[in-house]
Amino acid sequence: MTSRSTSAGKLTAREIAELALICALMVAGKEALRVIPNVHPITLLILLCVRIYGVRALYPTFGFIFLEIGLYGAGIWNIMYLYTWPLLVLVALPFRKSDSRVFWAALAGIHGFLFGALCAIPY
């Protein structure tokens, strides 16, 4: 995958395929690691997608959310998924050009620590 611009143009067939694959990797990764509590590749894949695609990272993020709702049904947890994961995209966007591994690890860690607090809002 190569770096993409964040221009508001149409998605190419290749971008659609790549974003769909990332969405599928999110769902498959979460399902594969489901037996280990609070361990999944979603944050990593979202941050990588932000680095490569910018604001278009919202496509696989919302795709993941709606696939999860389809797999597990409707519930109050749907509300928190609808703002927790897109919030990560929006927070990471201004820093997408950063090459600091420490920064990206810190951002992922902070999101992980705050995830429970963010999920508590609808409850």
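Predicted model: local features only at pLDDT ≥ 70, side-chain atom pairs only at ≥ 80, totals over all residues.
Biologist: Got it. What does Glu-15 form with Arg-56?
Modeller: Glu-15 and Arg-56 form a salt bridge, and their closest N and O atoms are 3.0 Å apart. To count, a side-chain nitrogen of Lys or Arg has to be within 4 Å of a carboxyl oxygen of Asp or Glu.

Biologist: Where in the chain are those two?
Modeller: Glu-15 is in helix H1 and Arg-56 is in the loop between H2 and H3, so this pair links distant parts of the chain, 41 residues apart. Helices here (H or I, at least four residues) are DSSP runs, numbered from the N terminus, as are strands (E, at least two).

Biologist: How many salt bridges does the structure hold?
Modeller: There are five. Among them is one where the side chains of Arg-14 and Glu-18 meet, at 2.8 Å from N to O. Arg-14 and Glu-18 both belong to helix H1, four residues apart, about one turn of the helix.

Biologist: And is that Arg-14 buried or exposed?
Modeller: Arg-14 counts as exposed, at 54% relative accessibility.

Biologist: Which residue does Glu-68 form a salt bridge with?
Modeller: Glu-68 is bridged to Lys-30, and the closest N and O atoms are 2.9 Å apart. Glu-68 sits in helix H3 and Lys-30 in helix H1, so the pair ties together parts that are 38 residues apart in sequence. Glu-68 counts as buried at 0% relative accessibility, and Lys-30 is buried too, at 18% relative accessible area.

Biologist: Changing topic: how many aromatic pairs turn up?
Modeller: A search of the whole structure finds eight. Take Phe-64 and Trp-85: they form an edge-to-face pair, 6.3 Å centre to centre with 85° between the planes. Phe-64 comes from helix H3 (residues 58-72) and Trp-85 from helix H4 (residues 77-92), so the pair ties together parts 21 residues apart in sequence.

Biologist: What counts as a pair, and as edge-to-face?
Modeller: Rings of Phe, Tyr and Trp (its six-membered ring) pair if their centres lie within 6.5 Å; planes under 30 degrees apart count as stacked, over 60 as edge-to-face and the rest as tilted.

Biologist: Back to Phe-64: buried or exposed?
Modeller: Phe-64 counts as buried, at 0% relative accessibility. Trp-85 is buried as well, with a relative accessible area of 1%.

Biologist: What about Trp-77 and Tyr-81, what do they form?
Modeller: Trp-77 and Tyr-81 form another edge-to-face aromatic pair, 5.1 Å centre to centre and 85° between the planes. The two are four residues apart in helix H4, so about one helical turn separates them. Trp-77 and Tyr-81 are both buried.

Biologist: Which residues form the aromatic cluster?
Modeller: Phe-64, Trp-77, Tyr-81, Trp-85 and Phe-115 form one cluster.

Biologist: Now a loop. What is the phi of Asn-38?
Modeller: Asn-38 has a positive phi of about 60°, although it is not a glycine. You'll find Asn-38 in the loop between H1 and H2, and it is exposed, with a relative accessible area of 78%.

Biologist: Which other residue lies in that loop?
Modeller: Val-35 is one of them, in the loop between helix H1 (13-32) and helix H2 (42-53). Val-35 is exposed, with a relative accessible area of 74%.

Biologist: Last one: where is Val-89?
Modeller: Val-89 is in helix H4, and at 0% relative accessibility it counts as buried. The C-alpha atoms of Val-89 and Glu-31 are separated by 21 Å, and the two residues are 58 apart along the chain.

Definitions and conventions:
Residues numbered from 1 in each chain as written. Heavy atoms only, no water. Buried < 20%, exposed > 50% of the residue type's maximum accessible area, 1.4 Å probe, protein only.
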